[in-house]
Amino acid sequence: PDKLRLTLETTFAKSFQLVFEKGEKYIEKTYKKDKKILEHDLINYAIDRDFSKKHIKKLDKQSNQSKRINKSVTLFEGGVLGFLGVGLPDIPVFIAMIMRTIYEVALSYGYDYNNDKERSYILLTICGAMSYGEKQKYYNEQIDHLGSLLDKDMEVKVDLKEQMEETSQILADSMLVGKFVQGIPVVGTIGGVINYTIINKIGKFASIKYKKRYLLGKERG
């Protein structure tokens with residue numbers, strides 16, 4: 001129903017806004033940010049000395065470990081709330097898990113996220129992960145272009161509010177049926193599977209994009 005789609009879009013947008021304005025410091029309390037930065041710096045130092053597949057895999061391992069934990073939590077959270085017939089109210093928690101997943105991936109490859117430009121990059125990454133065909137091709141180009149500008153310290157103008165709305169529309173379209181079903185007690189357990197699938201998809205896509213940024217940065221020297 002159009003009303004449900006609009007409600008989803010609004011809830012997603014408000015959840016992104018909440019995370020960016022107040023939630024990042026709370027999300028960071030669920031993992032050790034300083035430790036992740038240190039681990040990246042050590043691996044990055046080793047890569048600068050010896051650019052080998054062995055050291056690159058250590059970056060990937062750090063990223064993959066974070067994704068596994070977040071997917072498991074999401075599966076449990078979505079399944080329990082779905083069993084109870086709770087659909088829409090779990091969206092802020094779900095968005096927080098998406099952002100935590102991407103934040104940890106970003107840190108694994110040496111990228112911080114505490115500014116609007118990097119937040120726009122993250123939102124574009126979500127759009128790319130949840131799109132198909134020509135639309136995904138378009139977002140791929142946008143992600144790579146923005147990443148290149150950011151890494152070259154070039155002037156970039158972003159409209160974070162507009163990007164949040166666009167990302168919310170894509171997520172709403174992707175999850176419309178799942179959230180409707182998740183609101184039905186017992187049957188809604190499938191919501192956990194849907195949330196897990198989304199987190200998995202976004203996490204994999206984010207790893208590819210951040211790893212590409214990292215490797216291109218090394219190529220430029």
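1. Contact here means heavy atoms within 4.5 Å, and on that basis asparagine 44 touches Tyr214 and Lys218 once residues up to four places away in sequence are left out of the count. The model discussed in this note is a predicted one.

2. Asparagine 44 has its place in helix H2, which spans residues 33-49. Because the relative accessibility of asparagine 44 is 16%, and buried means under 20%, this residue counts as buried.

3. Helix H2 also packs with helix H4, residues 91-108, and here the axes lie 8 Å apart and form an angle of about 35 degrees. On the H2 side the contact is made by Lys33, Lys36, Ile37 and His40, while Glu104, Leu107 and Ser108 contribute from H4. By class, the residues of this contact divide into 3 charged, 2 polar and 2 nonpolar.

4. As to the chain as a whole, the protein contains 8 helices and 0 strands, so that, by the run-based assignment of helices and strands, the order of elements from the N terminus on reads α-α-α-α-α-α-α-α.

5. Turning to contacts across the sequence, 83% of those in the protein chain between residues at least 6 apart join residues that are at least 24 apart.

6. On burial and surface, 49% of the 221 residues of the protein chain count as buried. The accessible surface of the chain comes to about 11,600 Å², and 58% of that surface belongs to carbon and sulfur atoms.

Definitions and conventions. Residues are numbered from 1 along each chain as its sequence is written. This is a predicted model: local features need pLDDT of at least 70, side-chain atom pairs count only at pLDDT 80 or more; totals for chains, interfaces and linings use all residues. Side-chain values use heavy atoms; hydrogens and water are left out. Helices (H or I, at least four residues) and strands (E, at least two) are DSSP runs, numbered from the N terminus. Buried means under 20% relative accessible area, exposed over 50%, partly exposed in between (1.4 Å probe, protein chains only). Accessible areas come from the Shrake-Rupley method with a 1.4 Å probe; for residues, only the protein chains shown count as cover. Axes are lines fitted to C-alpha atoms, for helices over the stretch in contact, and angles run from 0 to 180 degrees between N-to-C directions. Ala, Val, Leu, Ile, Met, Phe, Trp, Tyr, Cys and Pro count as nonpolar, Asp, Glu, Lys and Arg as charged, and the others, Gly among them, as polar.
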